[in-house]
Amino acid sequence: MRAHIGDQLVVESPATGATRRDGEIIGVQHADGTPPYEVRWSDTNDVTLVFPGPDAHVQHFAHRPEAEPLRAERPVSDKPSRRPLDPGDIGRRAAHERRRQRLTRAEVADRAGMAASYLTYLEERPANPNLAALTGLAGALGTTVARLRGGGVDLPPGGGEAGYHPELRELGPDECRDRLSTHGVGRVAVASADGLAVLPVNYEVVDDGIAFRTAPGAAPAAAVGTDVAFEVDHIDDAMSQGWSVLALGPARAVTEPEAVRRLTEGAHTKPWAGGERPLWVLIEPKRLTGRRIDND
């Protein structure tokens, strides 16, 4: 038995041959299209991993050209793995956008016309939803299918057109702190031997300070003992709006063992750049300002 994503799996009654259950194949585990398959059942909209028996057959509704290889979700190892499955790129992007908009899965699923259980599956498991599901999900999140698939990730933000009635307003200190949140990626401006440098860093908000990890001798370590500028922002291309927050203040190295331990254990993420980065730098903002562009 071989199948493509988009085909239909039909399970028949052994006695009568009548259709007992059917569903859309939304994921294949092997590049040659052999079982098992991830099937979204038409009667419940639930998704399960299926090893078809002799009472099942495939209806090919979405043939691909012979020259085009089948797409497999992820190869399945013969050895069991104790690691949890990573979500696919589409599910990861959808979950990120949903959380950014502070929407529940139930709210997004209702807008997209899909079962909440299927949205949970998309966000937590590697999956390849069909175009109809992707279109509904993109509409529910106010984005595009291309962006859910990762289109434009290598381009700088802000490529959209300006809004018809833009309004630039200042953010108060409390609003600035809200947008800093607990952690994220920001940019620190430091003076280096080659002049000023603006460097992206993973950061944590600790009380009223902003902390980031680096390696001794690395470019961001030049912030220690100087006054620096630290900036975070968010751009919404679809709405032609966004905000930025700027923190100004001295930076120092965190050297107390207990303080280093608390920072390390409480960190939400590891530095994306990888490698050993044992030096914690703490920025103590003396000035916090921000701006936001809205559109009517």
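**Aromatic pairs and their surroundings**

A search of the whole structure finds 2 aromatic pairs (rings of Phe, Tyr and Trp, the last by its six-membered ring, pair if their centres lie within 6.5 Å; planes under 30 degrees apart count as stacked, over 60 as edge-to-face and the rest as tilted). One is formed by Y118 and Y121: the ring centres are 6.4 Å apart and the planes meet at 15 degrees, so this pair is stacked. The model is predicted, so local features need pLDDT of at least 70 and side-chain atom pairs count only at pLDDT 80 or more, whereas totals for chains, interfaces and linings use all residues. Residues are numbered from 1 along each chain as its sequence is written, and side-chain values use heavy atoms, with hydrogens and water left out.

Both tyrosines, Y118 and Y121, belong to helix 3 and are 3 residues apart, about one turn of the helix (helices, H or I of at least four residues, and strands, E of at least two, are DSSP runs numbered from the N terminus). Y118 counts as buried at 1% relative accessibility, and Y121 is buried at 9% (buried means under 20% relative accessible area, exposed over 50%, partly exposed in between, with a 1.4 Å probe and protein chains only).

The other pair, Y203 and F230, is edge-to-face, with 5.1 Å from centre to centre and 80 degrees between the planes. Y203 lies in strand 8 (residues 195-206) and F230 in strand 10 (residues 227-236), so the pair ties together parts that are 27 residues apart in sequence. Y203 is buried, with a relative accessible area of 4%, and F230 is buried as well, with 1%.

Returning to Y118, its ring also carries a charge: the charged end of R40 sits over it, 4.5 Å from the ring centre (NZ of Lys or CZ of Arg within 6 Å of the centre and within 35 degrees of the ring normal).

The buried residues of helix 4 (residues 131-141) are A133, L134, G136, L137, A138, A140 and L141. After helix 4 comes G142, with a positive phi near 70 degrees.
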